[in-house]
Structure formats: structure tokens, C-alpha cells
Amino acid sequence: MSHQIFLEPPPRAPLALPNSLPIPTFVEYRKSMSRDQKARFWWSLCHMAVAGYTLWSAHGSMAMTGLSHLMLFDSLGAMLCVVVDILGNFEVWKRSSIRHPFGLERAEVVAGFALSVLLFFMGGDLVSHTVQHVLGGSHHAHPHNEHERVTPGSIDMTALLSIAATLISAIGLKNHGRIGKAMRVTYIQALPSLLSNPAHFLTLSCSTLLLLLPLISTSFYSMLDPVISFTLAFSMCSLGIRLVVNLGSMLLMSYAGPGVSAVMKDIAAHPSVTTVEEARFWQVHYGLCMANLRLRVSGSEEAITLLRERIVNMIKQRLGGEYGTGVQKWEVSLQFNVDST
């Protein structure tokens, strides 16, 4: 007689998540584009052409060279927004799977991180070229003669094209709609939504100043042009560093937004909370943040239920509204260890 010593494990329910989801091919990607998405794609290419024209027409002006760098960053950001919007047509972008637990949306963070590094290096390159320009480098031996074409009262077509391209991308395409959340600057948050994005603020400000350059004397222009260039360069470097830090924290699965310490202080001060044993806040991508807390609590079952609801609402309203302007979704996981009474 044979005896079955090892019993079969009880049957398990299949996982709710699929192992993987199909990644679209280039043909599928192109066919999924709507008419609006196609228009936005082609306009992004036009935006890049304006950036190239701005660099071509700089003619020794370092301020216009800096503007062309900003235009390039804006145009690449516009193209990134279009590519991400088209990828949103596919299930693999947002739906979780075992292979991609958070979908493919984290790829957008990687692309934004690469753009921020590019912005920092463009700022450093602009500093180098401006120093060479001021010291009388070989490439800028006669800058004043090159700018005799800019006569008082005339309007610089390059600046007008830059303003028009920025406004169309910002208002029509919602350029930097996602990446803008990672680079909010406190000093300009009170401005209208268009100008509260520092990339748009710098581009429009520089373009407006360029419109005034033909109205000033040549001697004053020779001093003002490098000043504008240095200001743009340092602004680009500081903005690039800010983006690198914020987006890098997302890639490292941490949270760089404000308000966490205040929320934790209020949670620890609640009468039902005995000890905060563990608290982790991290951001997956632009649209999803997560909070994992383990608390030691005391009180009745009803009080603990109310505490759970209070903590979840506090994190979603105070952190989601302040850092992500209510766009980001917060998923809160709470674990309570109840003290025996």
C-alpha cells in the first residue's frame, strides 16, 4: 500500500495583475494618434524649428543665444508631452502588471530627468560662451557691427516668434503640464498659471527684453546683453539642479515635496496615537504618490476607525493639494498595532 505523505497545496486564486501587457510598436503608435495629437506633434516640430532659427539669428548676441537654449528646452518638453499623451492611448501605460508594477509612466520621469540634465549643461555652456564673448573671444571680435541691423523702433522678429511659439505651446499644448509640477518656484507661484512655470517665465521675460534692445544705445546694449545672458545662464543652471533633485527623488522612490513634517507632527499629536513606528512617503511618478505608515495606537475600535479616516484624508488633502495642486493621486497604507488595555 502506498501512502501520500506530501499533500497538494490548496488551490490559490490567480493574481489580479497580468504578467505583462503588450508594448505598442511604432506602427501601432502612429495609427493610434488622434487628429489633435497629430496637430500637437507637428507643432512641436515647428517649435523646434523656431528654436533653431533663434540660434541661427543670434549674430553674436549672447542673450539671443540663451533664448535659443530656453526655446530648445521648451520644444523638447512640448514633444515629450505629446509622446506621453499618445502613449496614454495604450493600456500598458497606466495599468499595472507584474513586469511593470506602476505601468510605463515612470519612463516619463526618466525622460524629464534627462531634460533637466540637458538644461543644466546648456546653462553651463552659456556661461562659458558669455565669458568668451565678454573677454573678446575670436568668435565675437566685432559684436557691435553685427548688431547695427537692430535699429531703434524696429521689432525683432526672433523675439516675436519666440513669444508666439511659447504661448501656443503653453496654452494650446499645455507644455510642461506634468514636469511643471516638479519645478514650482515659490517666488512666482502667485503669478498666473502661464507665468508660474519658470521655463515659460524665463522665455517670455527674455523675449520681452529683446524687443526693447533696439531702442537703447549701442554702448548700453553692449553692457546689457551679457548681463541678460548671465542671468539666463544662472537661472537655467539653478532650475536644472532643482529638476534633477526633484525628479531624481522620484527615481529613487522618495518624496521631495513640502508638508510631510507638519503632517507627521499632527499625526503624532493625536490622542489615540502612542508611537509612530514607521513612516515612508514616496513618489512613483508625476501622478502617483504613496504613504506607508505603521503606528501604535490605543482606544476603542470606533476611535481607531475614525483615526484611520482622519489620517487618510489629511494626507490626501494637505499633501496632494499643496505639492501637486490636487492632480496627484495619493495611496495611503496604514498598519495599526493596538495596545492592549
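What follows is a look at the aromatic contacts and salt bridges in this predicted model.

Aromatic rings come first. Across the whole structure, a search turns up seven aromatic pairs. One of them is Phe230 with Phe234, a stacked pair with ring centres 6.2 Å apart and 20° between the planes. Both residues belong to helix H9 (residues 218–251), where they sit four residues apart, or about one turn of the helix. Phe230 counts as partly exposed at 26% relative accessibility, while Phe234, at 52%, counts as exposed.

Then there is Phe281 with Trp330. Here the ring centres are 6.2 Å apart and the planes meet at 70°, so this pair is edge-to-face. Phe281 comes from strand E2 (residues 273–285) and Trp330 from strand E4 (residues 329–338), so the contact ties together parts of the chain that are 49 residues apart in sequence. Phe281 is buried, with a relative accessible area of 13%, and Trp330 is buried too, at 4% relative accessibility. Both values fall under the 20% cut-off for buried, which is why the two residues get that label.

On to the charged side chains. Side chains of opposite charge can pair when their charged atoms come close. Searching the whole structure gives nine salt bridges. Among them is the one between Arg296 and Glu277, whose closest N and O atoms are 2.9 Å apart. Arg296 is in strand E3 (residues 288–297) and Glu277 is in strand E2, so this bridge ties together parts 19 residues apart in sequence. As for accessibility, Arg296 is partly exposed at 28%, and Glu277 is partly exposed at 32%.

Arg294 and Glu278 form another salt bridge, with 2.5 Å between the closest N and O atoms. Arg294 lies in strand E3 and Glu278 in strand E2, so the pair ties together parts that are 16 residues apart in sequence. Arg294 has a relative accessible area of 27% and is partly exposed; Glu278, at 25%, is partly exposed as well. Salt bridges with shared partners link Glu277, Glu278, Arg280, Arg294, Arg296 and Asp339 into one network.

Lys329 and Glu331 make a salt bridge too, with their closest N and O atoms 3.6 Å apart. Glu331 is partly exposed, its relative accessible area being 34%.

Terms used
Residues are numbered from 1 along each chain as its sequence is written. This is a predicted model: local features need pLDDT of at least 70, side-chain atom pairs count only at pLDDT 80 or more; totals for chains, interfaces and linings use all residues. Side-chain values use heavy atoms; hydrogens and water are left out. Rings of Phe, Tyr and Trp (its six-membered ring) pair if their centres lie within 6.5 Å; planes under 30 degrees apart count as stacked, over 60 as edge-to-face and the rest as tilted. Helices (H or I, at least four residues) and strands (E, at least two) are DSSP runs, numbered from the N terminus. Buried means under 20% relative accessible area, exposed over 50%, partly exposed in between (1.4 Å probe, protein chains only). A salt bridge is a side-chain nitrogen of Lys or Arg within 4 Å of a carboxyl oxygen of Asp or Glu.
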